[in-house]
Amino acid sequence: MRAAPLVEFDVRSSLDHCIKCTICESACPVATVTELFPGPKTVGPQAERFRAGAHSPDTSVDYCSGCGVCSRVCPQGVRIAEINSRARAQLKAERGIPLRDQMLARPGVLGRLGRPVAPLFNWAIGNSAMRLLAERTVAIHHLAPSPRVVTRTFSYWMGRRHSPEARRKVIYFHGCSTQYFEPEVGKQVVAILEHNGFQVIAPKQDCCGLPLQSNGIYPAARQYVTRLARQLSVPGTEQLPVIASSTSCGLMLKREGLEILGVDDEHLRDVSRRTYDIFEFLLELHQRGELRTDFQPVPLTIAYHAPCQQQNQEIGKPALDILALVPGLRLVELDRYCCGIAGTYGTKREKYEIAMRVGEPLFADIQDASPDLVACDSETCRWQIAKATGVTSVHPLEVLYRAYGGS
Amino acid sequence: MSHDVIVIGAGMAGMAAGVRLAQAGLDVLVLASGQGGIPLAPGVIDVLGYAPQRVGNPIAEMGGFVDLHPDHPYAKVSLADLAAAVDWFKEVTAPLAYSGSLQANQLMPTALGALRPTALVPETMRAGNLAAGGDLLIVGFTGYRDFYPSLVAENLAAASLDGAGSIQARAVEVGIAGDPRALRPQLLARSLEVQAVRASLGRAIRAELAHERAVGVPAVLGLEHSHEVWSDLEDLVGLPVFEIPTLPPSQPGLRLMAVLTRALRRSGGRLQMGTTVAGATASNGRVEAVVVDQASRQMALEAGHFVLASGGIGTGGVAIPPGGQLRESIFGLPLAGAPPDGQPRYADHYFSPQPLDRVGLMVDAHLRPLGPGGAPAYSNLHAAGAALFGATPWREKSGDGISLATGFRAAAVILEGAG
């Protein structure tokens, strides 16, 4: 009973479906707080008509945070955020890419450079004089949240252990953040999957290119995502699910590499179809009656924020469904579009204040809920929320890990 | 994991059904391909405005109206259903303090200065009821492109009240904080939530007052704290203040959507936006699941009951293939009211009666869409709102009432176990 779409359309031609209803402008978290961004319809479906073979009419599209809310709320299916991402890339290609954006767009490089000198690197990140210097020299806001690098990466830990042989296997795509900044998340993913009877394979892997894409650096982003798709296509594992614990990077594999970057690659198409967000995967297990539910009570109040890139996967809020199974847990659903950080957006000197204003309603809801913890699937959002509210912010996996008896 | 009910569509019909069912303790998932129509509309509830003359008392008019239009969606609900739906709506939207009744339409000024006969309005518009005339100051903001006070004032002054009084209206523009080139309704709404900004606006308006008895302003009096912004402005001005709808995005519409979404969530229901329902699976005369598009796959979502509130042609509920037969988009249900093949689908003039005006689903007394044979297509599928055959909401000014009443009724049918 599947109705085929009447007309297949690509990203750009979807703008012909815009009826100028402005729903996207009223939902846009950025246009609602600053005059500098005229709104997704204005810089997207409207300005796009002036861009064919010509320069962008203005530079305001660079104030788009890329959260993708516009595409999600559009009732007509216009790929607004995708049009705007491409327009930004065109702008950057014409005007050059600042050193700052080149740096922020390569978390893997930062991690690799920072790791051997982690104490120094982390001291510099926490030192206000160094941060002011960084703000003046490379325009990274001195108050912006930033992670600490670890001396032992996730792959170092994973390489020294052996995931017990099991009939059912999965590929784990951990991403740069788990590798260099939060290896605990990866260890919990592995523990939870193994507890449910899966053997976890984590092939050597590099950055997915998402930060490059959101900073408008498309050629490198295409190389990165194509390389990653090959790295994840381990021979003999062609049918296995690929599990992602970073929501935005998972979306890069699922859709953005193909749709926004326009990568035409067999490996990427294949990996795209079998990539799952970790909670999406666990919920499917649960629906088949295969998820272990030997939970211990977790007597905590947890406020859950579904990050924008998680919502853009169009999978609902599976973390809420799974955490609802945990006894003793009091869950508060935070129903806001965006925390403001949008990957690297809110770390930039000229955008930090905007990002904080975007996040204000979410931060206020968190203060109202006065939770023990905030749970949020995306790393940069966790850092932003923790910094802005002072409430410890964890991946919802950590809560599940505790429920399974982990500590 | 199967839901009790999946509602397709987050406009007035879908939200009414979804909230009502969630309040009754059912596990409800509302799926919407995008933000529904509520934020596009002015946030008032039209029940019956023209039949075809301007209607003063909708409930008194309804009997005769339904007799004349036996296939109209209002013929599928009783007057008691409609009244119950309206009472329920007022209760659910209590934070916005809707007022009005089915016995007397209010005449509310539009952005063009026309008079809109409507049943319910939020408190921020209450003083704008011009059914008995008025002496008004219409205030615009310098540089704001979505609202033209002199257009409103001049048209209002020329409007007819059928001898019930007269309208005097005078237009002024005042300055407001912010870059005039960047005045947008959502920025204005947010900035007026700051006390100092509205204090300065209040003083500016007060300075312009002469003999007027009420003040109309564009509908940007806050988003999350509209009660505070509005009542504060009334105190500052010293007269009743009312909002006049602007071009979309509509702040009163956004407020209403926010209140309904919160009511849904508080009752344990969930709204999943950006989810396109691509198809469905069925067996033994029952819908088993809807198939939704995800970022890189499709997924089947199961439920015991389904409410189809996907709207009509304007919102994709009805697909019009070039040259092909019109069809309901998800289940491929037959549509009534479509012109036969080869007959024109469009009339020459925009405001003429259009051949596609009333296209929609025929339903039985339980709001179940009929299949090709004339019997209900599925025992657990119910339709509500603009998806239904037989109405011309923009001409009748009946869209909100139809959606509210049929959405509420669909919920009642499911709760009664008729599915």
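## Domains of chain A

Chain A is divided into domain 1, residues 13-95, and domain 2, residues 294-403, with bounds that come from an automatic or database domain assignment. This is a predicted model, in which local features need pLDDT of at least 70 and side-chain atom pairs count only at pLDDT 80 or more, while totals for chains, interfaces and linings use all residues. Residues are numbered from 1 along each chain as its sequence is written, and chains are lettered from A and ligands numbered from 1 in the order in which they are written.

The C-alpha centres of domain 1 of chain A and domain 2 of chain A lie 26 Å apart. Their contact takes eleven residues from domain 1 of chain A and twelve residues from domain 2 of chain A, where two residues are in contact if their C-beta atoms, placed from the backbone, lie within 7 Å. On the side of domain 1 of chain A that touches domain 2 of chain A there are six nonpolar, four polar and one charged residues; here Ala, Val, Leu, Ile, Met, Phe, Trp, Tyr, Cys and Pro count as nonpolar, Asp, Glu, Lys and Arg as charged, and the others, Gly among them, as polar.

## Confidence in chain A

The mean pLDDT of chain A is 92, and 98% of its residues reach 70 or more; pLDDT is the predictor's confidence in each residue, on a scale from 0 to 100. Over residues 1-7 of chain A, however, pLDDT stays under 50, and for this stretch the model has 16 contacts beyond four places in sequence. Where pLDDT is low, the predicted coordinates should not be read in detail.

## The contact between the chains

Chain B contributes 39 residues to its contact with chain A, and chain A contributes 34 residues. On the chain B side, the elements that give two or more residues are α5 (185-192), α8 (251-266), β9 (270-273), β10 (277-283) and β11 (286-293) of chain B, where helices (H or I, at least four residues) and strands (E, at least two) are DSSP runs, numbered from the N terminus. Of these elements, β10(B) gives the most, with five residues. The residues on this side of chain B divide into 18 nonpolar, 16 polar and five charged.

## A helix and a sheet in chain A

In helix α6 (residues 107-114) of chain A, the residues Pro107(A), Leu110(A), Gly111(A) and Gly114(A) are buried, a residue being buried if 20 or more other C-beta atoms lie within 10 Å of its own, exposed if 12 or fewer, and partly exposed in between, with C-beta atoms placed from the backbone. Seen down the axis of α6(A), these buried residues fall within an arc of 100°, so they line one face of the helix; the arc is that of the directions from the helix axis to the C-beta atoms. The buried residues of α6(A) pack against α5 (99-104), α7 (118-126), α10 (175-181) and α12 (210-214) of chain A.

Chain A also has an open sheet of four strands in the order β6-β5-β7-β8, with parallel pairing, where two strands pair if DSSP finds at least two bridges between them. Its edge strands are β6 (330-334) and β8 (393-394) of chain A, each of which pairs on one side only. Strand β7 (residues 373-376) of chain A pairs with β8(A) in the parallel sense over two bridges, and the bridge partner of Val374(A) in β8(A) is Ser393(A).

## Covered strands in chain B

In strand β7 (residues 214-218) of chain B, five of its five residues are buried. This strand pairs in the parallel sense with β5 (residues 134-141) of chain B over three bridges, and four bridges join β7(B) to β8 (residues 241-244) of chain B, again parallel. Val215(B) in β7(B) stands opposite Leu137(B) and also opposite Val241(B) in β8(B).

Strand β2 (residues 28-32) of chain B likewise has five of its five residues buried, with Val28(B), Val30(B) and Ala32(B) on one side and Leu29(B) and Leu31(B) on the other. Strand β1 (residues 3-8) of chain B pairs with β2(B) in the parallel sense over four bridges, and Ile6(B) has Leu29(B) as its bridge partner in β2(B).

## Backbone details

A cis peptide bond joins Ala51(B) and Pro52(B), with omega about -10°, and Pro52(B) is found in the loop between β2 and α2 (58-68) of chain B. Another cis peptide bond joins Pro248(B) and Pro249(B), with omega about 0°, and Pro249(B) lies in the loop between β8 and α8 of chain B.

Asn284(B), in the loop between β10 and β11 of chain B, has a positive phi of about 50° although it is not a glycine, and with 7 C-beta neighbours inside 10 Å it counts as exposed.
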